[in-house]
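Hello,

Here is the structure I promised to pass on. Please open it first, then read my notes below.

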Amino acid sequence: MKTSDKVVFVTIDDGAEKDPKFVEMLTDLKVPVSMFLTRDIVKDDYGYFKRLQALGNHVHNHTVDHAQLSKVPPEKQKSEICDAQAALTQQYGTPPLLFRPPYGDGANTPALNTSVQQCGPRAVVLWRESMQIHDMQYQAADKKLRPGDIVLAHFRGPKDLKGETMTQMFGELLARIQEQGFAVARLEDYIGAPAA
Ligand SMILES: [Zn+2]
């Protein structure tokens, strides 16, 4: 995202971990996040993410079942996006504005761009840094954040974080961002509202 502000954007994917303490944490800290949800990973508890949505956070499309999109035929690619778009729109009351392909796979291919356009999301969003457990993986060789970077994190719990909780991981993420002098801004504020 192009900006000269010293901000980064935090995106959280999939939706496996549904830790109530994370809702409390975001309620207290008021840090904006963007959620890229996979329908079949969140459908057992859509309500959890409604609590995060109620804090002003937006829900975006991350397919039906986390398929690797370059490996599936075009019809399946389209249903992965369109069916998730329909379910998330129904649950969260507003159509997801953005789409992120699982693993970033298939991004910038004409087939995927066409499917995304037909299903409704306005843009495909990837990432620059990826949060692990204690620190981020950087694409930049100097391991420094740049203004407007999009950071990828996941709804993950102790099973995937070597015993750390979602809130511990997120606390470390915020510390890594702040110690580089950056603030977290809301991605959707910088993207702008779609034309009506
Ligand atoms: Zn994912």
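**A strand residue and its surroundings**

Leu98 lies in strand β4, residues 98-99. Please keep in mind that this is a predicted model. Leu98 has a relative accessibility of 1%, so it counts as buried, the cut-off being under 20%. What is Leu98 in contact with, leaving aside its neighbours within four places in sequence? The list is Phe36, His60, Asn61, Pro121, Ala123, Val125, Leu187 and Ile191.

Thr63 is 35 residues from Leu98 in sequence. In space, the two are 11 Å apart, C-alpha to C-alpha.

**Two residues with positive phi**

Most residues other than glycine have a negative phi. Thr63 has a positive one, near 75 degrees. Thr63 sits in the loop between β3 and α4. Its relative accessible area is 0%, so Thr63 is buried.

Lys143 also has a positive phi, near 50 degrees. This residue is in the loop between β7 (136-138) and β8 (150-154). Is Lys143 buried or exposed? Lys143 counts as exposed, because its relative accessibility is 58% and the cut-off for exposed is over 50%.

**The zinc site**

Which residues are the protein donors of the zinc ion? They are Asp14 (OD), His62 (NE2) and His66 (NE2). These donors lie 2.0 to 2.1 Å from the zinc ion. Their spacing in sequence is D-x47-H-x3-H. Asp14 and His62 link distant parts of the chain, being 48 residues apart. Asp14 belongs to strand β1 (residues 7-14). His62 is in the loop between β3 (58-61) and α4 (74-92). Both Asp14 and His62 are buried.

**The chain as a whole**

The chain holds seven helices and nine strands. Its C-alpha trace spans about 45 × 35 × 35 Å along the principal axes. How does the radius of gyration fit a compact globule, and why? It agrees, because a compact globule of 196 residues would have a value near 16 Å and the chain has 16 Å.

Buried residues make up 48% of the 196 residues. Take the contacts between residues at least 6 apart in sequence: 73% of them join residues at least 24 apart. The accessible surface comes to about 9400 Å². Carbon and sulfur atoms account for 50% of that surface.

Last, the charges. The chain has 23 positive and 25 negative charges. Their mean positions are 2 Å apart.

Best wishes

Note on methods
Residues numbered from 1 in each chain as written. Predicted model: local features only at pLDDT ≥ 70, side-chain atom pairs only at ≥ 80, totals over all residues. Heavy atoms only, no water. Donors = N, O, S within 2.8 Å, 3.2 Å for Na, K, Ca; no water. Helix = DSSP H or I, 4+ residues; strand = E, 2+ residues; numbered from the N terminus. Buried < 20%, exposed > 50% of the residue type's maximum accessible area, 1.4 Å probe, protein only. Rg over C-alpha atoms; globule rule 2.2 N^0.38 Å. Contact = heavy atoms within 4.5 Å. Areas by Shrake-Rupley, 256 points an atom, 1.4 Å probe, with all protein chains shown as cover. Lys, Arg positive; Asp, Glu negative; His and termini not counted. Charge placed at Lys NZ, Arg CZ, Asp CG, Glu CD.
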